[in-house]
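Please look at the sequence and the model shown here before reading on.

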Amino acid sequence: MGAMLLLGIFAARWRRPRDIHNLEEWGVGGRAFGNWTTWFLLGGSMYSAYTFVAVPALTYGVGAMGFFAIPFATITTPLSFIFTTRAWSVAHRHGFVTPGEFTAARFGSRGLGAAVALTGIAATMPYIAVQLSALQAVLQTVGLAGEWPLLAAVTVVALCTFRSGLRAPALLSIAKDVLLGWVVVAALLIVAMNGGWGESFKRAGAHFAATPNPADGLLLGGSAGQSAYLTMVIGSALSIFVYPHALTTMLAAKDRSTVQRNAAALPIYCLVLGLMAMLGFFALSQGVLPVGRDLNTVMPQLFHGLFPAWSSGIALAAFGIAALIPAAVMSIAAANAFTRSIYRAYLRPAATPAEEARVSRWTSLVVKIGAVGCILLLDPAFSVDLQLIGGVIILQTIPAGFIGLLTNWLHRLALIAGLVVGLGAGVVMLYRIPQAGPGGTIAKAHFGGAITTIGGWPVYVGIVALLVNLVVAVAGTLLLRAARVRAGRDRTRPDDYDADADDPMVKRLENLLDGLPASPAGVHAVHRHPR
């Protein structure tokens, strides 16, 4: 891990641009990552410690419900192929680096852009907290208890991103995937050497049959369990690519075909996700016990107990880096959102590129501190719940950010009203969910998960809040149009959503990392769309 973090600090010199002190270079890597760099960066930020620690912990704890992550990850592939490609084109035409900038331009509302940016920042903090919880579990497994090892690791990765920007997680993602390739092969070997998958499922089934919890098991618990599963799949699939960090990784690609190729190849990671989910059952079959009550330690404990020491060390280092890389990308994306949609829009409209980069650097540190606060405040039974809580928040940007890529029919004031009402409904429902303790007792009165009950059916809170949001946005738009309230001016054009790298209106940057060759003069022409 120490070597990997040094590599992250070195990333500032990796194909160093003439000037890294601007948001284009620090925040989106010069918009010049090619196929392989984008592939590793996307995998590093989207398939993280959530995949390798949190999901197996959920299958270990409740069984089949933990597999919701696999269909939702699969559904994101066609959504990403269509929507992210359109987002890449319009962002490159106009120089956007955040979803808030796009929504402000699409609906002619700086306030809407700021609301989307703040919502994205708030949703990102619990997602970063998932990564930090996984890192803490790895440190606990090797005997580093307490808060100080976690704070030390966060400080080091903060220094990496502060210095190198998006280049640090991009370079680290390549090394991380090499390590995780070994982890996957080693996991298959250890399962084969201990009875295989059939025996693992048999023992896990016997374990769940003996527990008093009717909701766990190898199968979903009837139609009620299926409704919770289905709504979590749909909600998570819609939310995952409207997170600021997901857009950041795609905006760093050099052209539309790079975005499309990576979207089409995403199911490869889904295979690994399915394998890691099944390792939760294997851990049950082997009698692996977590450290204390922290189920995040199940996977580190499995590797620590069954693997040779040197192999276990490689696996645990890979898990640690898999937590730090997405935390870095997420904090960069959240910092970019603040800088472009809040700082430059309201506080310093005349901010220089160097000033923007400086503000983003410091904001990225604040975001990491906020994520640590989420761990201490929410303290869920499963760290997956942190991601689901973040999903409830980010889903409220769907009407402006996701639907906005297809149409600008919705009115800006109705979108703001829907966003506020949806957030309010979601937070109230989350606050009223208790956390179940041993024997059916209540371990915690509030923020105990992300599944609520509507009419006797358990459903994901994010879907309910999004439906409320959409009803308000559509009804509000109809009323505002009937009252002839002026809509904002759309600063985008239909052909913006199909622009590619060879479009003369697309801004070209120098020092392309692994795509097109540099021009003989060493500097590409710069074309800006008139604003």
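The model is predicted, so local features need pLDDT of at least 70 and side-chain atom pairs count only at pLDDT 80 or more, while totals for chains, interfaces and linings use all residues. Residues are numbered from 1 along each chain as its sequence is written, and side-chain values use heavy atoms, with hydrogens and water left out.

**The whole chain**

The chain has 21 helices and 4 strands. Helices (H or I, at least four residues) and strands (E, at least two) are DSSP runs numbered from the N terminus. Of the 531 residues in the chain, 60% are buried. Buried means under 20% relative accessible area, exposed over 50%, and partly exposed in between, with a 1.4 Å probe and protein chains only. Among contacts in the chain with a separation of 6 or more, 82% are between residues 24 or more positions apart. A contact means heavy atoms within 4.5 Å.

**Two helix pairs**

Two packed helices are described by the angle between their axes and the distance between the axes. Axes are lines fitted to C-alpha atoms, for helices over the stretch in contact, and angles run from 0 to 180 degrees between N-to-C directions.

| Pair | Angle | Axis distance |
|---|---|---|
| α5 and α12 | about 70° | 10 Å apart |
| α14 and α15 | roughly 60° | within 10 Å |

Helix α5 covers residues 69-94 and helix α12 covers residues 244-251. Their angle makes α5 roughly perpendicular to α12, whereas α14 and α15 are oblique to each other. Angles under 35 degrees count as roughly parallel, over 145 as roughly antiparallel, 65 to 115 as roughly perpendicular and the rest as oblique.

The crossing of α5 and α12 is right-handed, and that of α14 and α15 is left-handed. A crossing is left-handed if the near helix is turned anticlockwise from the far one by less than a right angle, and right-handed if clockwise.

In the contact between α14 and α15, Leu-279, Gly-280, Phe-282 and Ala-283 of α14 meet Val-298, Met-299, Leu-302 and Leu-306 of α15. These residues comprise 7 nonpolar, 1 polar and no charged. Ala, Val, Leu, Ile, Met, Phe, Trp, Tyr, Cys and Pro count as nonpolar, Asp, Glu, Lys and Arg as charged, and the others, Gly among them, as polar.

On the α5 side of the other pair, Ser-80, Thr-84, Ala-87, Trp-88, Ala-91 and His-92 meet Leu-247, Met-250 and Leu-251 of α12. This contact has 6 nonpolar, 3 polar and no charged residues.

In helix α15 (residues 298-306), the residues Val-298, Met-299, Pro-300, Leu-302 and Phe-303 are buried. The buried residues of α15 pack against α4, α7, α9, α14 and α16.

**Single residues**

Is Lys-176 buried or exposed? Lys-176, in helix α9, counts as buried because its relative accessibility is 0%.

Phe-67 sits in the loop between α4 and α5 and is buried, with a relative accessible area of 18%. Apart from neighbours within four places in sequence, Phe-67 is in contact with Thr-59, Tyr-229, Gly-274, Ala-277, Met-278 and Phe-281.

Arg-484 lies in the segment after α21. At 76% relative accessibility, Arg-484 counts as exposed. Arg-484 is not a glycine, yet has a positive phi of about 60°.
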